[in-house]
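Work through the exercises below with the sequence and the model open. Each task is followed by a solution in steps.

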Amino acid sequence: MDDLLTDFIAETRETLEALAGEIVAWEADPADKTRLDAIFRFVHTVKGSCGFLDLPRLGKLSHAAEDCLAEVRSGTRTPDAALVSAVLAIIDRIGELTDALEANETLPEGEDEFLVAALAPGHAAPAADNPAAISKISVMPGNPVTRTVSRSIRLPVELLDRMMAGVSDMVLARNELSRLLRASGGNSTTDLDISQVIYPSSGYLSKKGMIVGYYQIGAEAGVTGARSHSERETIALTQGAVIHPQYPQEFETSFSVSWHRVPWTRGGWASWSADGRKTTYAAMVKGDRRMYFAGDHMTYLIGWMNGALESDRSVASAIHARAAQERTVAVS
Ligand SMILES: Cc1cc2nc3c(=O)[nH]c(=O)nc-3n(C[C@H](O)[C@H](O)[C@H](O)COP(=O)(O)OP(=O)(O)OC[C@H]3O[C@@H](n4cnc5c(N)ncnc54)[C@H](O)[C@@H]3O)c2cc1C
């Protein structure tokens, strides 16, 4: 195969690949002049090359398609379904013949005539009312050229590679995000008044979830706690949007608790002074006869459920031991 032919095959295939999207778009909207021009340029180029490469079959097909498209461009023909289908069938055929050229194969010649005949004005459009059925360009009884109603899309292999690489990147990014959320303990720590944004510890990447929009302790909690709920909500949303700009669009509803304002609780948790630990705490941990004190504040794990459970267990053991001792005394 000479160099010119090799170049022609490579260029035709490349253009067909690049044109795949244009072809699909033109099929969906035959009035689209930009797509029409792109397809016209393609058949025009193929026709021109076939002249000096001595490829009469390809030349005839591309010439016929070029003439037909020229009429559409000049406005003398309307690109109806039959015309679009016929042009696309010729482009398919150009692709097949190009492949055959490279493989040094021969395709049946007769079908070319039917494809060209299908370009004629008034030629019946292929049936498209039954999507399950195969539509045929009825070019000759008993010898139809078949094209499915839902056209296949030609995509350059390189584009597919890029798509697959993109999908892989997205999966990796998603996993990395998930890992980062876990690794960071599900918190964004800030130097803003809101202090932290705390994320759910399960259901990552779900559509909806509940987050802690601000978390304050000490004097800051006192200041924010003195505000109304709607003011607290505004602070959380305004400052949180610095990290999560989608807040204004995605936020639905909120509630807030200022623990030091809750009657009978008056704080998130207790705290002991060093002296208190030696005196009051030591006395309360022991209890007084049938009186026991339990809770995280009765441990060194204040503010943690762990402390509450530890204390509960310790008190339950103390009650059990006392009851067992009283029973022994009563029996003896
Ligand atoms: C904002 C905040 C965040 C926290 N985050 C975490 C966390 O991430 N992880 C963690 O491990 N711990 C956390 N804790 C701590 C944890 O909630 C507590 O350590 C735990 O709930 C204490 O359990 P408890 O049974 O000792 O007391 P509580 O859960 O406080 O139970 C005491 C109960 O007694 C009731 N009560 C009080 N007075 C009376 C009365 N006179 N008569 C009848 N009932 C009464 C109260 O209504 C309450 O239901 C957090 C606490 C707060 C406030």
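Helix α3 is followed by Gly-75, whose phi is positive, near 90 degrees. Helices (H or I, at least four residues) and strands (E, at least two) are DSSP runs, numbered from the N terminus. Residues are numbered from 1 along each chain as its sequence is written. The model is predicted: local features need pLDDT of at least 70, side-chain atom pairs count only at pLDDT 80 or more, and totals for chains, interfaces and linings use all residues.

**Exercise 1. Find the buried residues of α3 and state what covers them.**

Step 1. A residue is buried if 20 or more other C-beta atoms lie within 10 Å of its own, exposed if 12 or fewer, and partly exposed in between, with C-beta atoms placed from the backbone.
Step 2. In α3 the buried residues are Leu-58, Leu-61, Ser-62, Ala-64, Ala-65, Glu-66, Cys-68, Leu-69 and Val-72.
Step 3. An α-helix has 3.6 residues a turn, so residues three or four places apart point the same way.
Step 4. The cover over the buried residues of α3 includes α2, α4 and α5.
Step 5. For the protein as a whole, buried residues make up 17% of the 332 residues.

**Exercise 2. Describe how α3 and α4 pack.**

Step 1. Two packed helices are described by the angle between their axes and the distance between the axes. Axes are lines fitted to C-alpha atoms, for helices over the stretch in contact, and angles run from 0 to 180 degrees between N-to-C directions.
Step 2. For α3 (residues 56-74) and α4 the angle is about 155 degrees and the axes are 10 Å apart.
Step 3. Angles under 35 degrees count as roughly parallel, over 145 as roughly antiparallel, 65 to 115 as roughly perpendicular and the rest as oblique. α3 and α4 are therefore roughly antiparallel to each other.
Step 4. Contact requires C-beta atoms, placed from the backbone, within 7 Å. On the α3 side, the residues that meet α4 include Leu-58, Leu-61, Ala-65 and Cys-68; on the α4 side they include Val-87, Ile-90 and Ile-94.

**Exercise 3. Which residues does Phe-40 contact, leaving aside its neighbours within four places in sequence?**

Step 1. Phe-40 is found in α2, residues 33-53.
Step 2. With 19 C-beta neighbours inside 10 Å, Phe-40 counts as partly exposed.
Step 3. Beyond those sequence neighbours, the contacts of Phe-40 are Glu-66, Leu-69 and Arg-73.
Step 4. Val-72 is 32 residues from Phe-40 along the chain, and their C-alpha atoms are separated by 10.0 Å.

**Exercise 4. Are Asn-104 and Ser-195 buried or exposed?**

Step 1. Asn-104 is in the loop between α4 and α5 (110-117). Its phi is near 60 degrees, a positive value in a residue other than glycine.
Step 2. Asn-104 counts as exposed because it has 7 C-beta neighbours inside 10 Å.
Step 3. Ser-195 is in the loop between β3 (187-189) and β4 (196-198). Phi of Ser-195 is positive, near 70 degrees.
Step 4. Ser-195 counts as buried because it has 20 C-beta neighbours inside 10 Å.

Definitions and conventions. Contact = placed C-beta atoms within 7 Å.
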